Amino acid sequence: MIERRLLVKAEDETDPKYGCKPEQRPPKDYIRFGVINLDKPAGPTSHEVAAWVKRIIGVENVGHGGTLEDLWSV
Amino acid sequence: MTGVLPITLEESRKIVQALLLSGKEYVCVMKLHGDVPEARVKEVLKEFEDTIYQRPPLRASVKRQLRTRKIYYIDFLEMEGRNVLFKVGCEGGTYIRKLCYDIGEVLGCGAHMQELRRTRAGPFIEEEGLVTLHDVAYWFMEWREKGNASMLKKVIQPMEKALQLVPKIYIRDSAVDAICHGASLTAPGVLSLESGITAGAMVAIFTLKGEAVALAEAQASTEEILSMEHGVVARVKRVLMPRGTYPKCWKSGEL
């Protein structure tokens, strides 16, 4: 793993009026800007699993990071 | 269970590209088609810790042309008869089924992939926040009924987590909205940045609050950016933050 150091170029502050720390987003935004680290069940395809999550959470769109062994297509 | 599959919701789908490129780790059971001494298996596994050539299998989601993939490590774990258990760390887009087949060819007896579990996808690992579909359904219902945000946090993580391994550039509030409109990041907007950035590499542009603004292509190295007074530092590839989140601080010409 690469160790990265943070190097400062200039100093400034951020205005609390705008934006929001990721952990403090209101629930609706927390979901919209969220990722689930899912343990994929064997059997269904990655695509099918993503569709189930979409239904459970009730969001309009989901994606998945890297297709995982769908029986035939690896 | 076949392991780590990051699911991106709504806006966070924009970071899928970064996840696809990120390194993966798998635990795999490979079945040999003949008897081979354990020492020989270990030896051959070591030979594959290298840049390898792979042609995607017949049923693949990408174009079938020969490409190279890096195998960072293969750790032999156990062997029982013709079953070999190993852990492999590799570049995104490596086909483990192919890898097993190729290892079998080198061993001379042939082999196939018996079982596979992904233990890592970029920053997402098995030991940290991995949840089942059942967990998702349960905690989501709990949250719906009781409205306690900590219940959502049991299953959902901010998309910024997915960018943990991407080098970051932190910018001024006043530069944020221009980036959200697709403008390139210029030197005066930069407050701090991580070491190891090289020209052409993917970087993540962040606010001081730790929010992801965009994915971009660095136009200079960390050292160069630190000493730059003006000029383009990174070209935006994918905007992640909705426009208008931060105030507009740039002048626009009359249209």
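In the predicted model, the side chains of B:Thr119 and B:Glu25 are joined by a polar contact of 2.6 Å. B:Thr119 belongs to strand E6 of chain B, which covers residues 111–121. With a relative accessibility of 6%, B:Thr119 falls under the 20% limit and therefore counts as buried. Apart from neighbours within four places in sequence, the residues in contact with B:Thr119 are B:Val4, B:Glu25, B:Tyr26, B:Val27, B:Phe124, B:Ile125 and B:Glu126. The C-alpha atoms of B:Thr119 and B:Lys87 lie 9.0 Å apart, although 32 residues separate the two in sequence.

Chain A and chain B meet in an interface to which chain A contributes 58 residues and chain B 74 residues. About 6300 Å² is buried between the two chains, and carbon and sulfur atoms give 62% of this area. On the side of chain A, the greatest losses of area to chain B fall on A:Lys9, A:Val35 and A:Asn37, which together account for 13% of what that side buries.

Polar contacts between chain A and chain B number 38 residue pairs, counted where both residues have pLDDT 80 or more. Several elements of chain A each supply at least two residues of the side that touches chain B: strand E1, helix H1 (27–32), strand E2 (34–40), helix H2 (46–57) and strand E3 (62–64). By residue class, this side of chain A divides into 30 nonpolar, 12 polar and 16 charged residues. Four salt bridges are found across the interface of chain A and chain B. A salt bridge also links B:Glu160 with A:Arg25, where the closest N and O atoms are 2.7 Å apart.

Conventions: Residues are numbered from 1 along each chain as its sequence is written. Chains are lettered from A and ligands numbered from 1 in the order in which they are written. This is a predicted model: local features need pLDDT of at least 70, side-chain atom pairs count only at pLDDT 80 or more; totals for chains, interfaces and linings use all residues. Side-chain values use heavy atoms; hydrogens and water are left out. Contact means heavy atoms within 4.5 Å. Buried area is the accessible area (1.4 Å probe) that two parts lose on being put together, summed over both. A salt bridge is a side-chain nitrogen of Lys or Arg within 4 Å of a carboxyl oxygen of Asp or Glu. A polar contact is a pair of N or O atoms within 3.5 Å; within protein, one must be able to donate a hydrogen and the other to accept it, and residues adjacent in sequence count only if both atoms are side-chain atoms. Helices (H or I, at least four residues) and strands (E, at least two) are DSSP runs, numbered from the N terminus. Ala, Val, Leu, Ile, Met, Phe, Trp, Tyr, Cys and Pro count as nonpolar, Asp, Glu, Lys and Arg as charged, and the others, Gly among them, as polar. Buried means under 20% relative accessible area, exposed over 50%, partly exposed in between (1.4 Å probe, protein chains only).
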